[in-house]
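User: I'd like to learn how to read a few backbone and packing features. Could you walk me through them one at a time?

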Amino acid sequence: MTRQLPWRLADAPDAPFPPAETALRQPDGLLAVGGDLHPLRLLNAYAGGIFPWFSEGEPILWWSPDPRMVFRTDGVRLSSRFRRQLRGSTWEVTADTAFSQVMRACASAPRPGQDGTWISPAMVDAYSQLHDLGFAHSFEVWDRQALVGGIYGVAIGAMFFGESMFSGESGGSKVALAALARTLNDWGWPLIDAQVQNPHLLRMGAEHLPRAAFLQQVRSAVQAPGREGAWTRPVGRVPAADFAEE
């Protein structure tokens with residue numbers, strides 16, 4: 001079932017979203033417009049398989065594309081060449097020690113084929129609120145005191161919804177993603193949502209999941225016990241060289 005126009009959201013932050021299955025086919029996945037970035041609205045969106053994506057100056061647009069790009073938490077691949085490079089690396093990985101810094105680095109990272117960024121100051125503020133509430137998390141890759149890579153996203157129950165990642169030095173985002181995936185796999189979490197197709201992600205093991213199957217898994221995972229609050233202590237400080245082995 002699809003509709004001709006995107007749903008206009010009511011003003012109340014707890015206003016319901018339409019079912020993700022009713023998203024438009026063109027443009028693929030556009031579901032709703034309007035509302036705000038209140039933490040409650042964002043959490044309701046993600047729990048329903050929906051995410052915001054819009055440029056500064058546009059109304060807020062909400063999406064649920066079909067198919068969905070995902071990683072199995074045991075399916076992130078690093079090339080043999082890159083793993084060899086990591087054997088002598090002195091980089092280290094932490095979690096939730098520099099959330100806003102990671103977001104701002106993602107916002108400023110150049111992306112082929114894109115002018116500007118969807119990570120506006122309003123987005124940084126909104127997700128920083130989610131971070132303070134224990135629902136948004138970052139993994140950081142450090143070369144001593146320099147931040148050389150990172151990834152951030154939203155966690156509800158046992159489901160992680162990836163938002164963006166960056167490399168300050170070559171390979172930084174790969175290490176951040178690998179660390180996130182290994183951590184979640186150790187916790188028994190099944191998936192990382194990667195939203196939309198990206199050739200780089202496909203090379204690292206991402207796969208397409210039909211929206212119906214994705215939504216089924218999300219609705220189950222968000223009801224499972226999660227890990228709210230900071231992940232700094234449970235993750236610790238992990239040497240990047242740990243990811244040199246398959």
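User: Where does proline 67 sit?

Analyst: Proline 67 is in the loop between strand E4 (61–63) and strand E5 (68–72); strands here are DSSP runs of at least two residues (E), helices runs of at least four (H or I), both numbered from the N terminus. This is a predicted model, where local features need pLDDT of at least 70, side-chain atom pairs count only at pLDDT 80 or more, and totals for chains, interfaces and linings use all residues. Residues are numbered from 1 along each chain as its sequence is written, and side-chain values use heavy atoms, with hydrogens and water left out.

User: What kind of peptide bond joins aspartate 66 and proline 67?

Analyst: General idea first: most peptide bonds are trans. The bond joining aspartate 66 and proline 67 is cis, with omega about 5°. Another cis bond runs from glutamine 26 to proline 27, omega near -10°, and proline 27 is in the loop between strand E1 (7–8) and strand E2 (30–33).

User: How about phi? Which value does arginine 144 have?

Analyst: Most residues other than glycine have a negative phi. Arginine 144 isn't a glycine, yet its phi is positive, about 60°. You'll find arginine 144 in the loop between strand E7 (136–143) and strand E8 (146–156). Glutamine 195 also has a positive phi, near 70°, but glutamine 195 lies in strand E10 (residues 191–195).

User: Is glutamine 195 buried or exposed?

Analyst: The scale is relative accessible area with a 1.4 Å probe, protein chains only: buried is under 20%, exposed over 50%, partly exposed in between. Glutamine 195 comes out at 9%, so it's buried. Arginine 144 has 64%, so it's exposed.

User: Which residues of H3 and H4 make the contact?

Analyst: Contact means heavy atoms within 4.5 Å. H3 brings Phe99, Ser100, Met103 and Arg104, while H4 brings Met123, Val124, Tyr127, Ser128 and His131.
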